[in-house]
Amino acid sequence: MSNLSDLSVRQALKLLQNGDISSVEVTQSYLDRIQTVEPQIKAFITLTPELAIAQAKSADQLRKNNPLEDLPALLGLPIAVKDVLALQNVRCTCGSRILENFIPPYTATTVQRLLDAGVVILGKTNTDEFAMGSSTENSAYQTTHNPWNQAHVPGGSSGGSAAAVSAGMAPIALGSDTGGSVRQPASFCGITGLKPTYGRVSRFGLIAYGSSLDSVGIFSRSAKDLAVIFEQIAGRDPKDATSMDIPVPGIHLNSNTDLTGVRIGVPKEYFITGIQTDVEKNVRTAIQHFESLGAQIVEISLPHTEYALPVYYLIATAEASANLARFDGVRYGYSAEETSLWERFKHSRGRGFGSEVKRRIMLGTYALSAGYYDAYYGQAQKVRTLIKRDFEQAFEHVDAIATPVAPTTAFKIGEHTNDPLAMYLEDIFTLPTNLAGVPGLAFPVGFDHQGLPVGMQLMGPHFKEETLLKLVHAYQLSTQWHKSMPDL
Amino acid sequence: MQLTIQEVEHIAELAKLDLSDEEKEQYREQLSSILAYAAMLQNVDTGDIPPTASVLPERSVLREDVVQEPLSPETVLQNAPHQKEQQFKVPIVMENGQ
């Protein structure tokens, strides 16, 4: 069994359950793979091999001493975690110098639920600083390289998690998605990524960026694997007042690919000038494939789409400016040596935060400041209502909405670093989902002429992750794109 | 929409960010262009449209008021850059007996 790291989650769990392999063996095979490809990819900020082997040994011990039916669902399965989710006693940097030595005293609920289900933690993955970015180039630590072409970015902000799964360094990774930070890197790296409904998954222990938009999401190679993890992390958490008390369905994905009766909307506003030809071509082909499986394809309109970008960048930065006010060098994080209180605050923040984080704090502070609040933040919140209504009206007629994930495939490292607005435009197709709070699922549907993956997005009504997973599962049962792996 | 350096300094003061002269100029240019782009929102008629602060239905979230084991003082202070006698230590806030 030389290629353990190519296994799907379900295959790996089956082999573990049958006793064909031990968790230590699976974990070691991923650690070996990391040792081989991580020097080129740089997906992890912190690796936790000792912790992983210790957890794997406990998992094997538990399996040995208990009957199968008493064992937790994911016992012995290795995963990676984006370095914005807290894991007790393991450094959590958020990709920022200001948290370089921060050791969380608690564990995020999503991570804890997976630990309770028996997983093994391989390490904490690279991210744009405080999850602010679309390329992972804003990390204060390193630039992650796209496994398909290392001169290109993996997308962001969860680029480390996406690259780790794409490169076979982990079968599953957790990420976070405030404006596309799971779906866009999933698309750039040729894997499958889910942003659940806002309120579906606890954010306790997720270091906050834009609180009305943040969701914890999942990366894997297939919808089928995502469903296994989603079932474990979804559901009400008393520690997060925004998590909703709505039952999580057991997601049963079978071998039926007949989509007769399903209506998929295609919004004309998402096929615009500026979108790469290869992206449009592959997404249109995938939409035809859904039609060939029996789905009815309906042209729809989401008329306020063009406003999503400015609305997002005013609301997210306003919320960020408030959330990041907590970094003052008093309770945790980098503290400047200045001896007066205000100077210490200003210098701790001025030196501790990187350029994009300061830019967003400045923009958000401006949008909230006296004299500009109504014109910027207030108006953005009203237009957000219109964007939300677009989706509500569309979902009266369709079960899901199909779009590209991003207007381009993975761009080159350094291509957008001097032009923030061009970088922000990479998110235009993913931002509306966060503004409306609906779920979105990204999955690979082909390659461009450079051999870079193209991703498609399906969006669904609130709390209908199951519909999206079923549709993408049907697509993946009848196509091969999700099985392609980069040559490393 | 062109911000002045004075406006950039005012925002930086509100945000408690120490910025270099180079950063101030860079943010002046970049924020000006982002705000110019955002100005398209002024064209949307939102006369009777309510704002959305959260997509969730409005509701109160309550829990039983039960005493639980808190984090220990050592744990709470484990990341403190400066501490003294089990407290976070900060520079003097008010001087001259104010």
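Modeller: It's a predicted model, where local features need pLDDT of at least 70 and side-chain atom pairs pLDDT 80 or more, while totals for chains, interfaces and linings use all residues. Residues count from 1 along each chain as its sequence is written, chains are lettered from A and ligands numbered from 1 in the order written, and side-chain values use heavy atoms, leaving out hydrogens and water.

Biologist: Which residue forms a salt bridge with A:Glu465?

Modeller: The rule is a side-chain nitrogen of Lys or Arg within 4 Å of a carboxyl oxygen of Asp or Glu. For A:Glu465 the closest N and O atoms are 3.2 Å apart, and the partner is A:Arg200.

Biologist: How many residues apart are the two parts of the chain that this pair links?

Modeller: A:Glu465 sits in helix α15 (residues 465–477) of chain A, helices being DSSP runs of H or I with at least four residues, strands runs of E with at least two, numbered from the N terminus. A:Arg200 is in the loop between β5 (192–195) and β6 (215–220) of chain A.

Biologist: Are A:Glu465 and A:Arg200 buried or exposed?

Modeller: The cut-offs are under 20% relative accessible area for buried, over 50% for exposed and partly exposed in between, using a 1.4 Å probe and protein chains only. By that rule, A:Glu465 and A:Arg200 are both buried.

Biologist: Why are A:Glu356 and A:Arg359 about one helical turn apart?

Modeller: These two form a salt bridge, with their closest N and O atoms 2.7 Å apart, and both are buried. Both belong to helix α11 (residues 355–368) of chain A, and the spacing is about one helical turn because they are separated by three residues.

Biologist: Which residue meets A:Lys470 in a salt bridge, and how accessible is it?

Modeller: A:Lys470 is partly exposed, at 38% relative accessible area. Its N-to-O distance to the partner is 3.4 Å, and the two lie four residues apart in α15. The partner is A:Glu466, which counts as partly exposed with a relative accessibility of 21%.

Biologist: How many salt bridges does the structure hold over all chains?

Modeller: In general, side chains of opposite charge can pair when their charged atoms come close. Over all chains, the total is 19.

Biologist: On to the strands: how many bridges join β10(A) to β11(A)?

Modeller: Strands pair if DSSP finds at least two bridges between them. β11(A), residues 453–459, has seven of its seven residues buried, and it pairs antiparallel with β9(A), residues 400–404, over four bridges. β10(A), residues 440–447, also runs antiparallel to β11(A), and the bridges joining them number seven.

Biologist: Which residue in the turn of the β10(A)–β11(A) hairpin has a positive phi?

Modeller: Five residues lie between the two strands. A:Phe447 stands opposite A:Pro453 in β11(A). The phi in the turn is about 85°, and the residue is A:Gly451.

Biologist: What's the volume of the largest cavity?

Modeller: A cavity here is a set of points, on a 1 Å grid over the protein atoms alone, where a 1.4 Å probe fits but cannot get out. Points are joined across faces, edges and corners, and volume is the space filled by probe spheres set on them. The search finds five cavities of 30 Å³ or more, and the largest comes to about 70 Å³.

Conventions:
On a 1 Å grid over the protein atoms alone, a cavity is a set of points where a 1.4 Å probe fits but cannot get out, and a pocket is an open set with protein on both sides within 12 Å along at least five of seven lines; lining residues have an atom within 4 Å of a point.
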